[in-house]
Amino acid sequence: MRRFLPFACLIVLGLASPALAAFPCDELWAERNAVYKDAGYCFKTPRAIRAFGNAGCKYDDLADVPLSARDRAKVADIQRQEQANRCPR
């Protein structure tokens, strides 16, 4: 399985916004979903299940996933970049 840098590493490396805009859609998707995986989300799409699996997941509804303020901000930033890059939903 392909590994992605945690968002915190991107910040340290100076790759977070606005440089996130240079990231391909697949990498933004993976970074956003890694936050949800770490928080215990149970993925529903075949793509996400293949990439992250559902072992140890706890939350079927995305609205129930407990995210810290930092993680919410990280996801929002990634989503803005996905939208700016016109990434498919």
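This is a predicted model: local features need pLDDT of at least 70, side-chain atom pairs count only at pLDDT 80 or more; totals for chains, interfaces and linings use all residues.

Me: What makes Cys25 partly exposed?

Reply: Its relative accessible area is 23%, and the in-between class runs from 20% to 50%, so Cys25 counts as partly exposed.

Me: And Cys87, is that one buried or exposed?

Reply: Buried, because its relative accessible area is 13% and the cut-off is under 20%.

Me: How do you know that a disulfide joins Cys25 to Cys87?

Reply: The S to S distance is 2.0 Å, and a pair of cysteine sulfur atoms within 2.5 Å counts as a disulfide. The pair ties together parts that are 62 residues apart in sequence, because Cys25 lies in helix H2 (residues 25-38) and Cys87 in the segment after helix H4 (69-84).

Me: Why is the disulfide of Cys25 and Cys87 called left-handed?

Reply: The torsion about the S-S bond is about -85°, so left-handed is the label.

Me: What about Cys42 and Cys57, what makes them a disulfide?

Reply: Their sulfur atoms are 2.1 Å apart, and the limit is 2.5 Å, so the pair passes. Cys42 is in the loop between H2 and helix H3 (46-52), while Cys57 is in the loop between H3 and H4, 15 residues apart. This link is right-handed, with 95° about the S-S bond. By the same rule the count comes to two disulfides, and their pattern is 1-4, 2-3, with bonded cysteines counted along the chain.

Me: On to the rings. Why is the pair of Tyr41 and Phe43 called edge-to-face?

Reply: Their planes make an angle of 85°, and over 60 degrees counts as edge-to-face, so the label holds. They qualify as a pair because the centres are 5.2 Å apart and the limit is 6.5 Å. Both Tyr41 and Phe43 are buried. The structure holds four aromatic pairs, and Tyr41 and Phe43 belong to one aromatic cluster together with Trp29, Tyr36 and Phe52.

Technical notes
Residues are numbered from 1 along each chain as its sequence is written. Side-chain values use heavy atoms; hydrogens and water are left out. Rings of Phe, Tyr and Trp (its six-membered ring) pair if their centres lie within 6.5 Å; planes under 30 degrees apart count as stacked, over 60 as edge-to-face and the rest as tilted. Buried means under 20% relative accessible area, exposed over 50%, partly exposed in between (1.4 Å probe, protein chains only). Helices (H or I, at least four residues) and strands (E, at least two) are DSSP runs, numbered from the N terminus.
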